[in-house]
Amino acid sequence: VNNTGASRLENENIPGDGKFDQSYLPSELELQVSRIDFANMPAFAKTEVQMMKDYLNKDHVYKMDSLGMIKRALIDDNFGAFGGEAFAANGWRNFNPLVGRDSIRELDFASTLNAEPYQWAYACGPGSYTTCGSVGATTTFTAYDVHGVFTFLFGSYFGDFDAPNTFLRAPMCSDNPALISSWAGRPNQFLHHMALGENIGYSNLQSQNNDGFLYGPGGPTNRMVHQALLGDLSLRTDYIKPNGKPAITSTATTGTNVSWTSSPDAGVIGYYVYRSHTEFGTYSRRSGLLTGNSFVDSFGTEGMKYYMVRPAKIQQTPSGNYENLGIGTVDSAYCYYIGFDVNVPEAGTKPVVQLYPNPSDGELSVVMYDVKEGDAAITIFDNVGRKVHEQKKQLAPGSNRIKMALDYLPAGTYIVEIKAGSEKYAGKWIKN
């Protein structure tokens, strides 16, 4: 396309200029992407920074399950069948699995949402950059307090959401901002995954990659590059009130104890505990589902650690049930452990350390693979952290087997700690 006469300079397109050079996706999209953008919206008497703050504050409140949101949906259809495209099917089809057919209403968009909140809203009508026929204009969102958390709109020119005071971004700029605003109709969007716990970014990615055979009807513009999601792509439909901030106590003889106060959500069935080496790093799950309010972490490497606790409940939706995890609460402390985590080898390779037989009646073999020559120290602790056995062994290069007779130890669970040079390993051994 070589077009230098577009009505907006931003829409002019010269081959090789980096704009619109691909009309269709060249391959499957791999990343979930969204945009939160309040630039160039002068109709709202707030700065871009203030609108961003307002949005993020409401986003946080919603994720803390503090909005008291009623699970219902609104549709304002001003196109009808439109030659079979039926744009408002993006409301009817998607909202049914999310809230159920009895919670969907066909009502006026602006006046209804000004009077009462809806979790889901869809509106379509003949459009311009700043208006939607029989729905409203950008200025509607300055005059009305529109309560629609997930908002989907369709009309001409809405895809140009970089235009000044564009209608598609207006819901996110209002005093009570929508958290999602998206252009749905060409092609169709599919959101049913969210009914069983997926985030909206996942559903948007599936819709972008839809070729019309995965989900139908796809619409006449399947897999074209213009599809976009405005808002926080991590948003889900259901959230749990979080548990209290974890309290962490740790000693070298008892390991690290994590405790917390319960979530006020009556449906919570338990909690999961996670750990990370850094505040914003990867959190690995350390526990199974816990029905109590504390957890002892016995294995790790001494140092500063960050613990996160998340509540869980069985969430019921019109589409079925799923395990819903709440937003985690986090605290940190300098932590000690009575044993070291076992290194997990890559699939198809030998383990670094093996303990066998396990369980056993008293004989224990420690096999170490691919080690360097040097000394190894083996220490065994009982389940309260007391040292009950210690021995040293000179290692030869390669694999080594260290056999121990531990008949004198009472039946129970023990931690076997192995130090070889700078490497440290630990594992659980059970004596019958």
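Is Ser134 buried or exposed, and what is its relative accessibility? Ser134 counts as exposed, at 60% relative accessibility, where exposed means over 50% relative accessible area, buried under 20%, and partly exposed in between (1.4 Å probe, protein chains only).

The model is a predicted one, in which local features need pLDDT of at least 70 and side-chain atom pairs count only at pLDDT 80 or more, while totals for chains, interfaces and linings use all residues. Residues are numbered from 1 along each chain as its sequence is written, and side-chain values use heavy atoms, with hydrogens and water left out.

## Backbone exceptions

Most residues other than glycine have a negative phi, and most peptide bonds are trans. Ser134 has a positive phi, near 65°, and is not a glycine. Ser134 belongs to the loop between strand 4 (131-132) and strand 5 (136-137); helices (H or I, at least four residues) and strands (E, at least two) are DSSP runs, numbered from the N terminus. Ala86, also not a glycine, has a positive phi of about 45°. Ala86 is found in the loop between strand 1 (73-77) and helix 2 (89-99), and is partly exposed with a relative accessible area of 27%.

One runs from Tyr356 to Pro357, with omega near -10°, and another from Asn358 to Pro359, with omega near 5°. Pro357 is placed in the loop between strand 17 (353-356) and strand 18 (363-371), and Pro359 lies in the loop between strand 17 and strand 18 as well.

## Salt bridges

Side chains of opposite charge can pair when their charged atoms come close. The structure holds 19 salt bridges, a salt bridge being a side-chain nitrogen of Lys or Arg within 4 Å of a carboxyl oxygen of Asp or Glu. Three of them are set out below.

| Pair | N to O distance | Relative accessible area |
|---|---|---|
| Arg223 and Glu28 | 3.0 Å | Arg223 16%, Glu28 48% |
| Asp37 and Arg35 | 2.9 Å | Asp37 15%, Arg35 44% |
| Arg386 and Asp382 | 2.7 Å | Arg386 54%, Asp382 8% |

The side chains of Arg223 and Glu28 meet in a salt bridge. Arg223 sits in the loop between helix 6 (200-209) and strand 8 (229-231), and Glu28 in the segment before helix 1 (48-63), so this pair ties together parts that are 195 residues apart in sequence. Arg223 counts as buried, whereas Glu28 is partly exposed.

Strands of a sheet pair through backbone hydrogen bonds, either parallel or antiparallel. An open sheet of three strands has antiparallel pairing and the order 9-10-13; two strands pair if DSSP finds at least two bridges between them. Strand 9 (247-251) and strand 13 (294-297) are at the edges with a single partner strand each, so one side of each has no neighbour in the sheet. From one strand to the next, the twist averages 15°, with axes taken as lines fitted to C-alpha atoms, for helices over the stretch in contact, and angles running from 0 to 180 degrees between N-to-C directions.

Strand 9 and strand 10 pair over five bridges in the antiparallel sense, and a hairpin of three residues joins strand 9 to strand 10. Thr251 has Gly255 in strand 10 as its bridge partner. Strand 10 (residues 255-259) is joined to strand 13 by four bridges, and these two strands run antiparallel. Val258 stands opposite Phe295 in strand 13.

In a regular strand the side chains alternate between the two faces of the sheet. In strand 9, Ile248 and Ser250 make up the covered face, while Ala247, Thr249 and Thr251 make up the uncovered one.
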